[in-house]
Structure formats: structure tokens, C-alpha cells
Amino acid sequence: MDVQHFERITAFIEARLTPLFDAETGSERGFAMDDTSRALRALRNSVLEASAVKGLIATRETAEPLLRKVIDQSVEHHWDVLRGIARQWEDHADFQREFKRHAWELDAAPASA
């Protein structure tokens, strides 16, 4: 897996979530203290957390074998979180097939920029 996979899936999810926080679209959600607003913030925070793997991926190549295994597991976990969220919009025109793939399937197919 590489950073481009994470950048694409994060951009896809953010494009779905951002309008929900935009007052110009008539949204009153996102920043209030009601349950829907709290859930939207929690979802957005989960996406941002799961997409922050650039540093992990960068250090993987020089890491010792035991640490490399931990890095791989962490990256795979973060991908699974994003994959699960993105699949909620599987019927969206911008949904890409790679968003359905497991981490080990993407290892064999590096992302193109």
C-alpha cells in the first residue's frame, strides 16, 4: 500500500462529509451539541485519524522487521476503517473499485498518482 491509496479514499470520504458541515447548503448540523452533530464530528475525526499514515508508511522501509510488522498491521487497520466508511457510498459515481479491496490486495497493485 502507499500514501496515494489513503489520499484518494480520504478525499472521497471528505467530499461526502464536507457538505454536511456547510452552512451554505442549509446544514445546521456538525457544530451544535445535538447527537447528529456529535456523530458527524466523531465520524470526521475517525476519518482524519485513520488517514494519518504518511509517517508510518515513510518509516516502514527503514524499520526493523518486528517494527515493520507492527507498522503493516497499523496501516492495514487504518485502511479497513476507511474502507468501511467509504463503502457506505458504494453506489456513488465517484466510488472507486480500490475502496472495496483489502490491504493485501492493494499491496500487489501500487497506486498511480
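1. Helices here are DSSP runs of H or I with at least four residues, and strands are E runs of at least two, numbered from the N terminus. By that rule, the protein reads α-α-α-α-α from the N terminus on, with 5 helices and 0 strands.

2. A quick word on the source: this is a predicted model, where local features need pLDDT of at least 70, side-chain atom pairs count only at pLDDT 80 or more, and totals for chains, interfaces and linings use all residues. Residues are numbered from 1 along each chain as its sequence is written, and side-chain values use heavy atoms, with hydrogens and water left out.

3. Now look at helix H2 (residues 35-51) against helix H4 (residues 65-86): they pack at about 140°, with axes 8 Å apart. The axes are lines fitted to C-alpha atoms over the stretch in contact, and angles run from 0 to 180 degrees between N-to-C directions.

4. Who does the touching (heavy atoms within 4.5 Å)? On H2 the contact uses Leu43, Val47, Glu49, Ala50 and Ser51, and on H4 His78, Val81, Leu82 and Ile85.

5. Check out Ile13 too: leaving aside residues up to four places away in sequence, Ile13 touches Val47, Leu82, Ile85 and Ala86.

6. Finally, 32% of the 113 residues count as buried, meaning under 20% relative accessible area with a 1.4 Å probe, protein chains only. The C-alpha atoms fill a box of roughly 50 × 30 × 20 Å along the principal axes.

Terms used
Contact means heavy atoms within 4.5 Å. Buried means under 20% relative accessible area, exposed over 50%, partly exposed in between (1.4 Å probe, protein chains only).
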